[in-house]
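Q: I would like to learn how to read some local features of a protein model. Could we take them one at a time?

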Amino acid sequence: MSNLGFQVVYQRLNSEDDVVCERAFLPDPEDLQDYRRTQTPLLSLESQKPLSDFDLLAFSISFENDFLNILTLLDLARIPLERALRGEKDPLVMAGGVAVFLNPEPLSEFFDLFVLGEAEEVIGEFLEVYRHSGREDLLRRLAGVEGIYVPEFYHVTYGENGRIGTIDSEAGLPRKVKRRWISKIDRFPTQSSLFTPDTEFKEMAVVEVNRGCPRGCRFCAACFVYHPFRNRSLSLLELLSREAISKEKRIGLAGTAISDYPSLLPLCEGILSHGGGVSIASLRVDAITPSLADCLRRGGVRAAAIAPEAGSERLRKVLKKGYGEDEILRAIRTLFENGLSQIKSYFLIGLPSETDEEVKAILSLSKRIEHQIVSSRVSEKKRWKLILSVNPFVPKPATPFQWVPFEEVGELKRKLKILRKGIRREKNIEMINDLPKWAYIQALLSRGDRRVGQILMAAHRHQGNWEQALRETSLNPDFFVYRRRDLDEIFPWDFIDHGIPKEKLREEYVVAMKEAGVKIE
């Protein structure tokens, strides 16, 4: 419920005189069993109306591992799961969110349409078509709106090797669906509009600072699908922050590249001068200065996050994240000496060409960070903690690494054991990580094609038992997860124009693999 995209869509729809938008949520596991046992239909939060009575049912989907929850929600709402089985009395089922505008294909049998890209402008165009269309021609007319993808009008063929042969659109429709993006984001101020103590960011008002990222890290989907990089004006952000302080004293600054906002320090100082506190999710190593760290401390921040991503400088260069070790240590020292006593450091394992020595380099870097903190003598006066957030690398669509295979689950488990063993005696270093088996599922859903919907249906039938679902379907999931893609391969999401030509991504991939010493056949 803290998701700004969700809140923007909710607010935008309710601003229309003839639209009422209500919310519905997946029940928690305990309540879910009660729903199933009593056959109670899922109701909306605001008016307690059955979801099947609404004209439209729209999902905001940020994470692939939520795909299964969508089928559960449709089931609880008493709406046929597959779009081909729905009738005129059923709601139109649609979705947006970054997970589907990267690759909606595993969900294509369940949704009537998808909104690909940023929603602010396209919502008005969608509503205009909806108001002036009958049910029989609605989808055809919506498919003509830039950014709207109607899967029934796009047809996929497969070769004998299991790979996609062709993706064809029906006559009169674009061959590629353009991802929508907002060129002048000051036109659409984005801040929290719903406040409740039960959310992830309770007692905080969130304000969006920028979209996109100028860095070009090769693994990062947000950098490429939110391209180009766009900053909001300082005057607008100051106005939004002052408004937000009247609702919540702590202001969370959100964006894919907060540290690259040129007026970040004046913005934070302005929030402090009006009696507010500041929260920033993650800081770029090369953007951390004593003045910014001191400002955050005065704003009530005691913990900060950085993202070296890899333990060795060689791997960081492959990722296009070329921080030197001394630069990382200098940033840590600056944070700690200015009163931030808990540091979270993000790392990936299973990266292309990664060796065991480079996994151990995460430990070496962590222990050098520890030494940096201890030698500062500030640690003698207060408690400190270093949290390592270590996660398996999942290749994403629309990035230079979309050709790269996911590392085998057994190898990832072995690498995590190396890291756990290495910090076992370190009382001030803690490690958290995603389970490799769930990263495998994310990799399957992230780069799968329409056929992966069969696996989703099987997992739904078995109430989330993925092992059983994978055993019973004829589709081989390893085909989508462990296979290195050919340079000229057609991807399931190639019908989407994400804003950067595939040829440019391929060039970047070839350069990265050359740097990594990986031979491409």
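**Backbone, cysteines and charge**

A: This is a predicted model. Start with Gln 48, which lies in the loop between helix H2 (29-38) and strand S1 (56-60).

Q: Which phi does Lys 320 have, and where is Lys 320 found?

A: Lys 320, also not a glycine, has a positive phi of about 70°. Lys 320 sits in the loop between helix H11 (313-318) and helix H12 (325-337). With a relative accessible area of 40%, Lys 320 is partly exposed, because the partly exposed range runs between the buried cut-off of 20% and the exposed cut-off of 50%.

Q: What kind of peptide bond joins His 227 and Pro 228?

A: In general, most peptide bonds are trans. The bond between His 227 and Pro 228 is cis, with omega at about 0°. Pro 228 belongs to the loop between helix H7 (221-225) and strand S9 (230-231).

Q: How many disulfides does the count give?

A: The general idea is that a disulfide is a covalent bond between the sulfur atoms of two cysteines. The cut-off for a pair of cysteine sulfur atoms is 2.5 Å, and by this rule there are zero disulfides. Cys 223 is in no disulfide: its nearest cysteine sulfur belongs to Cys 213, 4.7 Å away. Cys 268 is likewise in no disulfide, and the nearest cysteine sulfur to it, that of Cys 295, is 4.7 Å away.

Q: Are these two cysteines, Cys 223 and Cys 268, buried or exposed?

A: Buried means under 20% relative accessible area. Cys 223 has 5% relative accessibility, so Cys 223 is buried. Cys 268 has 0% and is therefore buried as well.

Q: Which residues form the positive surface patch?

A: To read a patch, note that Lys and Arg count as positive and that members need over 30% relative accessible area and no salt bridge. Here the positive patch is made up of Lys 413, Lys 417, Arg 420 and Lys 437.

Q: Which helix gives the most to the positive patch?

A: Helix H14 (residues 409-423) gives the most, with three residues. Lys 413 is found in helix H14, and its relative accessibility is 47%, so Lys 413 counts as partly exposed.

Key. Residues are numbered from 1 along each chain as its sequence is written. This is a predicted model: local features need pLDDT of at least 70, side-chain atom pairs count only at pLDDT 80 or more; totals for chains, interfaces and linings use all residues. Side-chain values use heavy atoms; hydrogens and water are left out. Patches are made of residues with over 30% relative accessible area and no salt bridge: like charges are joined within 9 Å, nonpolar side chains (Val, Leu, Ile, Met, Phe, Trp, Tyr) within 5 Å. Accessible areas come from the Shrake-Rupley method with a 1.4 Å probe; for residues, only the protein chains shown count as cover. A salt bridge is a side-chain nitrogen of Lys or Arg within 4 Å of a carboxyl oxygen of Asp or Glu. The place of a charge is taken as NZ of Lys, CZ of Arg, CG of Asp or CD of Glu. Helices (H or I, at least four residues) and strands (E, at least two) are DSSP runs, numbered from the N terminus. Buried means under 20% relative accessible area, exposed over 50%, partly exposed in between (1.4 Å probe, protein chains only).
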